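Okay, I think everyone's here, so let's get going.

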Amino acid sequence: MTVNVFLRLSRASNLPTVWSNAIAGVALGGAVHPLIDGAILAISFSLLYTAGMFLNDYYDREFDREWRPDRPITAGEVSPRTVLLTALSMMAAGLLVAGSMIAVRGTVAAAIPLVVLPAAILLYDARHKKGALYAVVMGSCRALLYVIAALAVGGDDWLLILFASSVLLTYVTSLTVAARKEHFSAPEVASSEVSVAAVPVAHGAIGAGALLIAALIPWLAVSRARTSAARIRTVGLLIAAISLVDASIIASVASPGLALLAVTFGGVALMLQSRVLAS
């Protein structure tokens with residue numbers, strides 16, 4: 001497997017948003033050394049995210065033959081078996097890194113989301129083409145990063161952790177629903193997808209305004225793009241904006257410097273997208 005193939009399979013341009021997720025998570029947990037703790041978890045989360053992206057291509061290879069023949073597996077640049085074995089190896093390594101930190105610093109409760117996360121990744125990758133409902137699973141994968149990171153540094157403010165996770169869950173779920181249309185000729189969203197988008201919208205109406213905003217912005221932004229190329233660019237921008245969600249969370253609980261770091265990660269993601277597609 002060449003470096004170019006690895007980067008394309010991993011959607012490496014999105015990794016900075018995973019790093020900002022880690023920083024936001026440890027900030028929620030009240031970490032004494034957020035940069036060190038965040039860096040360790042960023043390694044773990046990067047491995048898990050990359051594993052998920054590899055598995056996404058592995059399970060999507062039949063779909064990609066029609067819609068994305070340029071993807072590495074369908075283009076014959078790498079075998080499905082190699083992609084699968086590499087993904088499982090990275091997933092195991094990511095769990096080992098996070099598990100080691102939890103064993104030393106975290107709470108017993110942190111083991112639960114750490115076990116749930118790989119199951120959610122596998123469920124999403126294997127089933128996401130079956131319906132828009134699985135967008136909630138994708139949102140949950142990102143939200144679990146907050147929970148794991150916060151608990152890994154001994155965090156115990158469950159109300160704060162769950163609220164922040166809900167904001168990220170809402171944003172990523174809405175973005176994932178919207179992104180389902182990025183490669184199709186028409187920008188309209190199917191009725192089944194509207195019903196799933198209504199889940200985070202209702203969630204936001206019940207909770208705080210931040211949830212409502214997080215639900216609506218991605219869906220509306222992609223729906224307004226008139227061409228497939230425009231929708232792809234919009235999805236990339238919205239993925240990079242995950243770091244802005246992280247920054248807003250960090251700003252409410254930690255130093256402005258950490259929030260600025262999260263914003264910087266979003267900028268790095270945008271720059272990398274010029275070389276490696278975000279989706």
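Numbering runs from 1 along each chain as its sequence is written, and side-chain values use heavy atoms, with hydrogens and water left out.

On to the fold. You're looking at 13 helices and zero strands, where helices (H or I, at least four residues) and strands (E, at least two) are DSSP runs numbered from the N terminus. As for contacts, meaning heavy atoms within 4.5 Å: take the ones between residues at least 6 apart in sequence, and 75% of them join residues at least 24 apart.

How far do we trust it? pLDDT is the predictor's confidence in each residue, from 0 to 100. The chain has a mean of 82, and 79% of its residues reach 70 or more. Where pLDDT is low, the predicted coordinates should not be read in detail.

The rule is a side-chain nitrogen of Lys or Arg within 4 Å of a carboxyl oxygen of Asp or Glu, and that gives four of them.

Start with E77 and R8, whose closest N and O atoms are 2.9 Å apart. E77 sits in the loop between α4 (61–67) and α5 (80–105) and R8 in helix α1 (residues 3–10), so this pair ties together parts 69 residues apart in sequence. E77 has 37% relative accessibility, so we call it partly exposed.

Next, D57 with R11, at 2.6 Å from N to O. D57 is in helix α3 (residues 34–59) and R11 is in the loop between α1 and α2 (15–28), so the parts being tied together are 46 residues apart in sequence. Both D57 and R11 are buried. There's a network here too: R11, D57 and R71 are linked by salt bridges.

Then a local one: R65 and E62, with closest N and O atoms 3.2 Å apart. Both lie in helix α4, three residues apart, which is about one turn. R65 is partly exposed at 48%, and E62 is exposed at 54%.

Last stop: how many cavities of 30 Å³ or more does a search of the whole structure find? One. A cavity here is a set of points on a 1 Å grid over the protein atoms alone where a 1.4 Å probe fits but cannot get out, and lining residues have an atom within 4 Å of a point. Points are joined across faces, edges and corners, and the volume is the space filled by probe spheres set on them.

The largest cavity holds about 170 Å³. Fourteen residues line it, and the closest to its centre are L48, Y49, I121, M138 and C141. Helix α3 gives the largest share of the lining, five residues.

Okay, over to you for questions.

Note on methods
This is a predicted model: local features need pLDDT of at least 70, side-chain atom pairs count only at pLDDT 80 or more; totals for chains, interfaces and linings use all residues. Buried means under 20% relative accessible area, exposed over 50%, partly exposed in between (1.4 Å probe, protein chains only). On a 1 Å grid over the protein atoms alone, a cavity is a set of points where a 1.4 Å probe fits but cannot get out, and a pocket is an open set with protein on both sides within 12 Å along at least five of seven lines; lining residues have an atom within 4 Å of a point.
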